Amino acid sequence: MSEVLILRDPRESVKKCSLTPLRGLEGVRFLEYAPDRRVQAEGRILLHHEGEELGPGDRGLDLLLVDSNWRRLPTLLRTVEGAPIRRRLPALVTAYPRRSRITPDPDGGLASVEALWAALALTGAVRPELLEAYRFRDAFLQANPLLWEPARAAGMTWDPAARPA
C-alpha cells in the first residue's frame with residue numbers, strides 16, 4: 001500500500017477540512033506546515049496542477065498531498081525538499097460546495113479528499129474507506145464517470161441521482 005503524506009496548512013479550518021476523518025487511518029500521515037520544517041518528498045508523487053497527468057505508470061509510488069487554499073500553496077511548497085514527481089489529475093468535477101471570498105477557485109479544483117481518492121483510484125490503489133465519511137461522496141462519484149470503473153472494482157456503489165452542490 002502506498003503511503004499518503006498530507007502537508008496541512010494549520011490556517012485551514014479543521015471542522016471544514018474534508019481530510020479530518022482520515023486521521024488515524026493506516027497509511028495516511030498528517031504533517032502540519034511550519035515555515036522552518038522541511039518535508040522530504042524524494043520519489044513521491046506530488047499532486048500539482050502543473051504536472052504531467054497521473055497514470056497507471058505511477059502505481060505503487062507514495063503520495064504527497066498539500067492541503068491548503070490556492071493562495072497559500074506556494075508558501076507550503078517552499079518547505080518541500082527532494083525531487084517529488086509532479087502529477088496532475090485529469091479533468092474531474094468537484095461535489096464540494098466551494099465558495100472563496102478572497103480568491104476565485106480555479107476550474108477543476110477539487111476538495112482535498114476528492115483529489116486524494118481520485119489519485120489513488122487512478123493508480124490502481126482504490127481505498128473506499130477514504131470516502132466513507134465524505135458527505136458529498138455519492139455526488140462526487142456520480143459526476144465523474146472516469147472513476148466509475150475503479151470504484152465498482154472495489155465494490156463501491158452510490159446513488160445515481162446524486163448531484164454536485
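**Figure 1. The second largest pocket has a volume of about 270 Å³.** Among its 18 lining residues, Cys-17, Ser-18, Ala-133, Tyr-134 and Arg-135 are the closest to the centre of the pocket. The lining comprises 12 nonpolar, 1 polar and 5 charged residues. A pocket is an open set of points on a 1 Å grid over the protein atoms alone, with protein on both sides within 12 Å along at least five of seven lines, and lining residues have an atom within 4 Å of a point. The model is predicted, with local features requiring pLDDT of at least 70 and side-chain atom pairs pLDDT 80 or more, whereas totals for chains, interfaces and linings use all residues. Residues are numbered from 1 along each chain as its sequence is written, and side-chain values use heavy atoms, without hydrogens and water.

**Figure 2. The largest cavity holds about 60 Å³ of space.** A search of the whole structure finds 1 cavity of 30 Å³ or more, a cavity being a set of grid points where a 1.4 Å probe fits but cannot get out. Residues lining the largest cavity include Ser-2, Ile-45, Leu-54, Asp-58 and Thr-123. By class, this lining has 7 nonpolar, 3 polar and 1 charged residues.

**Figure 3. Arg-87 forms a salt bridge with Asp-58.** The closest N and O atoms of this pair are 3.1 Å apart; a salt bridge is a side-chain nitrogen of Lys or Arg within 4 Å of a carboxyl oxygen of Asp or Glu. Arg-87 lies in strand S7 and Asp-58 in the loop between S4 and S5, so the pair ties together parts that are 29 residues apart in sequence. Strands are DSSP runs (E, at least two residues) numbered from the N terminus.

**Figure 4. Glu-53 forms a salt bridge with Arg-88.** The closest N and O atoms are 3.2 Å apart. Glu-53 belongs to strand S4 (residues 45-53) and Arg-88 to strand S7 (residues 85-88), so the pair ties together parts that are 35 residues apart in sequence. Glu-53 is partly exposed at 43% relative accessibility, as is Arg-88 at 32%.

**Figure 5. Glu-129 forms a salt bridge with Arg-127.** Their closest N and O atoms are 2.7 Å apart. Glu-129 is partly exposed, at 28% relative accessibility, whereas Arg-127 is buried, with a relative accessible area of 8%.

Methods:
Points joined across faces, edges and corners; volume = space filled by probe spheres on them. Nonpolar A, V, L, I, M, F, W, Y, C, P; charged D, E, K, R; others polar. Helix = DSSP H or I, 4+ residues; strand = E, 2+ residues; numbered from the N terminus. Buried < 20%, exposed > 50% of the residue type's maximum accessible area, 1.4 Å probe, protein only.
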